[in-house]
Amino acid sequence: MIAVFIETRDGKIKKGSLEALAEAKRRAAELRVGTAAVLAGGAGLRTAGLEACGPDKIFCLEHPALAEYSSQGYAKALCDFVRETGPTALFFAATAMGKDLAPRVAAGLGAAMASDCTKVAVKNGTLEFTRPVYAGKAYLSLSLRSTPAVATLRPNVFPLAADEAAGVAEVVKKSADIPDGLIKGRVAEVLKEESAELDVTEADVVISGGRGLKGPENFALLRELAALVPRSAVGASRSAVDSGWIGHQHQVGQTGKTVSPNLYLAVGISGAIQHLAGMSSSKVIAAVNKDPEAPIFRVADYGVVGDLFEVIPRLKEELKKILAE
Amino acid sequence: MNILVFVKRVPDTESRIRIRHETNSIIEDGLNFAASPYDDFAVEEALRLKEAKGGTVRVVCVGRDEALPVLRKCLAMGADEAFLVKDETPETYDGLRTARIIAKAVETKFAGADLLLFGKQAVGTDNSQVPSMVAELLGLPQANVVTKLEIDGNAATALREIEGATEKVAFCLPAVVSAQKGLNEPRYETLKGIMAAKKKEIPVIKIEDLGLAAGDLESRVAITGLDMPPERKAGRILQGDPAETARELAAFLHSEAKVI
């Protein structure tokens, strides 16, 4: 069985978890094993929407102490679950929670793990994981010699399951064993950012700005563009962040975030190697830059050599027309 | 406060990576190495905590002798002591192996630490595994990807980045914290610090002396390939009238790439 941890935020299932479940189903079919979706929380976990994704079983690990996320509580519940049910592999989405939790679970089980995988394959009857290393300057393929194989899967990379007539999964509720005093740290509060913007790692379209924007105020140009495009977010190069023009949570590159959106639009970004590392796995890359020699044009599918202050406002008008249709 | 900081020597972020396919490893000749950039935030945070609350800052690196300059830089920044846990094994990409070495070193050589600070990931392996794994092996709470840390006695709160929001984690010490960019602005070494660091001895702890089980030092990661990223096909580059190029770009994104 391949088990997939299903992350919920505000009662909603994370898209990355569904992508991981879809990939687990594809690989499990090759391995001729089943799949399980695993949720953890307080009482009354909602599994709505999961059945359509077709896991063979849905496990709900419940305990009042799991009502808020804690790495220790969730890791204990998941380790016990794995010891009891013995899955061959355990997948997580490589989200903030997945990255926090998966290694803790792996260590609890004495299992090695593969982080932030962008490809999973079956080779000689075992799972082979491929993942970017050196922020995408190279790709490492590996298999794990310990059981279960623990892996986090990068969001926005694996396709969701195509609509198919999925059977009704069996839902198994289990009460987790969380001893008093086990949990020495927990999430006390989630502070929403005012604009509640989409994170660059979750966006389908990332519109990023660099030094060419010349100042913080000109990020407004990109924000206006992003406001037009559904599921888009504004990103930035390291130099824009280091100049204090925009917060570092927007930074794309080796010391920022690694993104793989459907479209990455680089505006006034020359394309330093540490920036390219963070976005070169994007499905389509477009760039607007003054300098025809800028390295960004070597990875761009579509490049416009020109003054961004002339091109971007016109691009906005063109996209408005297209989106209005 | 008794603070331990763990650092790793990695190729700097401007490095162009080349691969030796026979060994599935990167070619180190010609690369510049430094502490992983997130480790600098961890060291800085430790120094600030020490300045505010007193105590000691000890920096530990698992690696080869080549990592000594990285430790020396931490001493020059102001760390009290630095230790090399000598591990001659080439990169295994196995975070659990490293975590076991660190957890054992903490238990046997550095008992009594209040805070274990790490960078949120070592750039290179990009695993983001070791801090959480060490926390689990030692039974400590954790806060990862931290942009703000406040400590009051044995109680701590940390802000950590999650998708589109910030999470406030409350935990008690001893604990594991991993640093994200934004936590602070790392200081430069002073000339005085550099001179003082030169005189300090960096004790070397042999990995065999930690008392790890033989199996704990084996890598459980079987590397089956290390490759360059797939080359992207040459794209179309347009020059000329901004109105024209903007129209063509929009048309490309909509009709051809179908991303808008």
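In the predicted model, A:Asp301 and B:Arg232 form a salt bridge. The closest N and O atoms of this pair are 3.0 Å apart. The rule finds 9 salt bridges across the interface of chain B and chain A.

The interface between the chains was then described by contacts and area. In chain B, 85 residues are in contact with 92 residues of chain A. The area buried between chain B and chain A is about 7400 Å². Carbon and sulfur atoms give 57% of that area. Polar contacts link 52 residue pairs between chain B and chain A, counted with both residues at pLDDT 80 or more.

Chain A itself is divided into two parts: domain 1 spans 2–175, and domain 2 spans 205–324. The C-alpha centres of domain 1 and domain 2 of chain A lie 32 Å apart. Contact between these domains of chain A involves 8 residues of domain 1 and 8 residues of domain 2. The area buried between domain 1 and domain 2 of chain A is about 720 Å². Of this, carbon and sulfur atoms give 46%. On the domain 1 side, A:Ala135, A:Lys137 and A:Arg154 lose the most area to domain 2 of chain A. These three residues together make up 61% of what the domain 1 side buries.

For the interface of domain 1 and domain 2 of chain A, the rule finds 0 salt bridges. Polar contacts are present, with a count of 2 residue pairs, both residues at pLDDT 80 or more. The side of domain 1 of chain A that touches domain 2 divides into 4 nonpolar, 2 polar and 2 charged residues.

Rolling a probe the size of a water molecule over the atoms shows where empty space is left. The count comes to 2 cavities of 30 Å³ or more. The largest cavity has a volume of about 720 Å³. Its lining comprises 42 residues. Closest to the centre of the largest cavity are A:Ala94, A:Lys99 and A:Lys257 from chain A, with B:Lys120 and B:Gln121 from chain B.

Notes. Residues are numbered from 1 along each chain as its sequence is written. Chains are lettered from A and ligands numbered from 1 in the order in which they are written. This is a predicted model: local features need pLDDT of at least 70, side-chain atom pairs count only at pLDDT 80 or more; totals for chains, interfaces and linings use all residues. Side-chain values use heavy atoms; hydrogens and water are left out. Domain bounds come from an automatic or database domain assignment. Contact means heavy atoms within 4.5 Å. Buried area is the accessible area (1.4 Å probe) that two parts lose on being put together, summed over both. A salt bridge is a side-chain nitrogen of Lys or Arg within 4 Å of a carboxyl oxygen of Asp or Glu. A polar contact is a pair of N or O atoms within 3.5 Å; within protein, one must be able to donate a hydrogen and the other to accept it, and residues adjacent in sequence count only if both atoms are side-chain atoms. Ala, Val, Leu, Ile, Met, Phe, Trp, Tyr, Cys and Pro count as nonpolar, Asp, Glu, Lys and Arg as charged, and the others, Gly among them, as polar. On a 1 Å grid over the protein atoms alone, a cavity is a set of points where a 1.4 Å probe fits but cannot get out, and a pocket is an open set with protein on both sides within 12 Å along at least five of seven lines; lining residues have an atom within 4 Å of a point. Grid points are joined across faces, edges and corners, and a volume is the space filled by probe spheres set on the points.
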